[in-house]
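Trainee: Could we go through this model together? I'd like to start with some side chains and then move on to the chain as a whole.

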Amino acid sequence: MQPDRTPKSRTTKRTYDDSPDTAEAFRRIAALPDGPERAALCQEVVCAWMPMAVRLARRFRHRGESAEDLTQVAQLGLVKAVSRFDPSLGNAFPSFAIPTILGEVKRHFRDELWVVHVPRRVQELRGQVRSADHELSATRGGTISAVHEIATHTGLTEAEVRLGQGALEAYTAWSLDAVPGHPTDGHPLTDTLGDIEPDFDLIVDREALRPLLRALPEREREILYMRFFCEMTQAGIGARLGVSQMHVSRLITRTCARLHAQVMAEPRAFRKAS
């Protein structure tokens, strides 16, 4: 008896136990009008293919999203695939459903999970830069790739590579209580935050007063200058001007009150003018 020498394919198509035969159900769905019967049949098909959606969701389990949320997004993609599938085109349902489900999951990562939202072009550059860096590093024992090496590998410009690298850390965020570097000698990020600069308010106040001071009568402007810029006493100002200290005190109080009222009224006047 001669051995069977029939050539066998070196590659075998991988099959999964989550591929039910629903061809007849899809033909019935296509023939039914919108209504309860069609909706119920679509629901049955969705339930039959649900294990496939769960399997596809597991591909993304190490990317920072919970398994439950990934499964829900994949199931949403499955529902869309069932509702849009047209058996009359002659394609098998998995060849249509798998790209639909994976596209829904990828869209979820692209649109929902970025802490800092960046344009889609920058997201694409991030993916290209990340993949190229992994490929180059794998061939050189994990060595970090230079910008010009990634640019040569991907065909991008160095500016585009830097833009993609800048988005690598925009996907997730650190807590302000995190301690970058070694925990024993590092400092939490809260220590790097600046305090409110009190002189900013002082600048605003000075700029608001500048035109009002210029509009004062010369005598009042001179009194304020001697009191607040030359730091003269009210008695010294009175002696120079030939008036009493009490009169100087009343002038300063009255002038300062008028300036305060004018400054506080400026926002209201600005709103009326605009």
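Trainee: Is E207 buried, partly exposed or exposed?

Mentor: Bearing in mind that this is a predicted model, E207 counts as partly exposed, because its relative accessibility is 45%, which falls between the 20% and 50% cut-offs.

Trainee: And which residue forms a salt bridge with E207?

Mentor: That is R210, with the closest N and O atoms 3.0 Å apart; both residues lie in helix 8, three residues apart, or about one turn of the helix. R210 is partly exposed as well, with a relative accessible area of 39%.

Trainee: How many salt bridges are there in the whole structure?

Mentor: A search finds ten. One of them joins the side chains of K80 and E104 at 3.1 Å, N to O, and this pair links distant parts of the chain, since K80 sits in helix 3 and E104 in helix 4, 24 residues apart.

Trainee: Are K80 and E104 buried or partly exposed?

Mentor: K80 is partly exposed, with a relative accessible area of 24%, whereas E104 counts as buried at 9%, because that value is under the 20% cut-off.

Trainee: Switching topic, where is V179 found?

Mentor: V179 is in the loop between helix 7 (158–166) and helix 8 (198–214), and, leaving aside its neighbours within four places in sequence, V179 is in contact with G186, H187 and P188.

Trainee: Last one: how many helices and strands does the chain have?

Mentor: The chain has eleven helices and zero strands, and buried residues make up 26% of its 274 residues.

Terms used: Residues are numbered from 1 along each chain as its sequence is written. This is a predicted model: local features need pLDDT of at least 70, side-chain atom pairs count only at pLDDT 80 or more; totals for chains, interfaces and linings use all residues. Side-chain values use heavy atoms; hydrogens and water are left out. Helices (H or I, at least four residues) and strands (E, at least two) are DSSP runs, numbered from the N terminus. Contact means heavy atoms within 4.5 Å. Buried means under 20% relative accessible area, exposed over 50%, partly exposed in between (1.4 Å probe, protein chains only). A salt bridge is a side-chain nitrogen of Lys or Arg within 4 Å of a carboxyl oxygen of Asp or Glu.
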